[in-house]
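Keep the 3D view open and look up each residue as it comes along.

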Amino acid sequence: MRKRQVVVRREEPQRSVRSVKYGECQKNHAANVGGYAVDGCREFLASGGEGTSAALTCAACGCHRNFHKRQVETEVVSECSSPHSNGT
């Protein structure tokens, strides 16, 4: 029985940096009367420190973070290891 040798070519690993930001509040405060009204809160501001339950409540409007518009920004960072020429 003959053994095979498999060569795996790997590319440089790419890292992606993700940042999540919460924008304006979208909670419909008039839903129980059949209308539509938002409070105008423009950005989520955490009421407490990271890791606490207050960190999920907005200090400006009092709503949970899930009512705020979620904006995800992804940036791909790759490190190139190609040699640089200095032109001499």
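Val17 touches Glu73, Thr74, Glu75 and Val77, not counting residues up to four places away in sequence; contact here means heavy atoms within 4.5 Å. Val17 and Val77 are 60 residues apart in sequence, yet their C-alpha atoms are 7.2 Å apart in space. Val17 lies in strand β1 and counts as partly exposed, at 47% relative accessibility. For such labels, buried means under 20% relative accessible area, exposed means over 50%, and partly exposed is in between (1.4 Å probe, protein chains only).

A word on where these values come from: this is a predicted model, in which local features need pLDDT of at least 70 and side-chain atom pairs count only at pLDDT 80 or more, while totals for chains, interfaces and linings use all residues. Residues are numbered from 1 along each chain as its sequence is written, and side-chain values use heavy atoms, with hydrogens and water left out.

**The chain as a whole**

How many helices and strands are there in the protein chain? There are 0 helices and 2 strands. Both kinds of element are DSSP runs numbered from the N terminus, with helices (H or I) needing at least four residues and strands (E) at least two. Of the 88 residues in the protein chain, 11% are buried. Among contacts with a separation of 6 or more, 49% are between residues 24 or more positions apart. The protein chain exposes about 8000 Å², and carbon and sulfur atoms supply 47% of that area. Accessible areas come from the Shrake-Rupley method with a 1.4 Å probe; for residues, only the protein chains shown count as cover.

Now find His68, which is in strand β2. Is His68 buried or exposed? His68 counts as buried, at 3% relative accessibility. The side chain of His68 reaches the backbone oxygen of Gly23 at 2.9 Å. That is a polar contact, a pair of N or O atoms within 3.5 Å; within protein, one must be able to donate a hydrogen and the other to accept it, and residues adjacent in sequence count only if both atoms are side-chain atoms. Leaving aside neighbours within four places in sequence, the contacts of His68 include Tyr22, Phe44, Cys25, Cys61 and Cys63.

How many disulfides does a search of the whole structure find? The search finds 0 disulfides, where a disulfide is a pair of cysteine sulfur atoms within 2.5 Å. Cys25 is in no disulfide, and the nearest cysteine sulfur, that of Cys63, is 3.8 Å away. Cys61 is in no disulfide either; its nearest cysteine sulfur is that of Cys63, 3.7 Å away. Cys25 is buried, with a relative accessible area of 4%, whereas Cys61 counts as partly exposed at 21%.

The whole structure holds 1 aromatic pair. Rings of Phe, Tyr and Trp (its six-membered ring) pair if their centres lie within 6.5 Å; planes under 30 degrees apart count as stacked, over 60 as edge-to-face and the rest as tilted. The ring centres of Tyr22 and Phe44 are 6.0 Å apart and their planes are at 65 degrees, so this pair is edge-to-face. Tyr22 lies in strand β1 (residues 14–25) and Phe44 in the loop between β1 and β2 (68–78), so the pair ties together parts that are 22 residues apart in sequence. Tyr22 counts as buried at 16% relative accessibility, and Phe44 counts as buried at 12%.

**Two residues in the loop**

Leu45 is in the loop between β1 and β2, and Ala46 is found in that loop too. Leu45 is partly exposed, with a relative accessible area of 45%, and Ala46 counts as partly exposed at 42%. The table lists their contacts, leaving aside neighbours within four places in sequence.

| Residue | Contacts |
|---|---|
| Leu45 | Thr57, Cys58, Ala59 and Ala60 |
| Ala46 | Ala54, Ala55, Thr57 and Ala59 |
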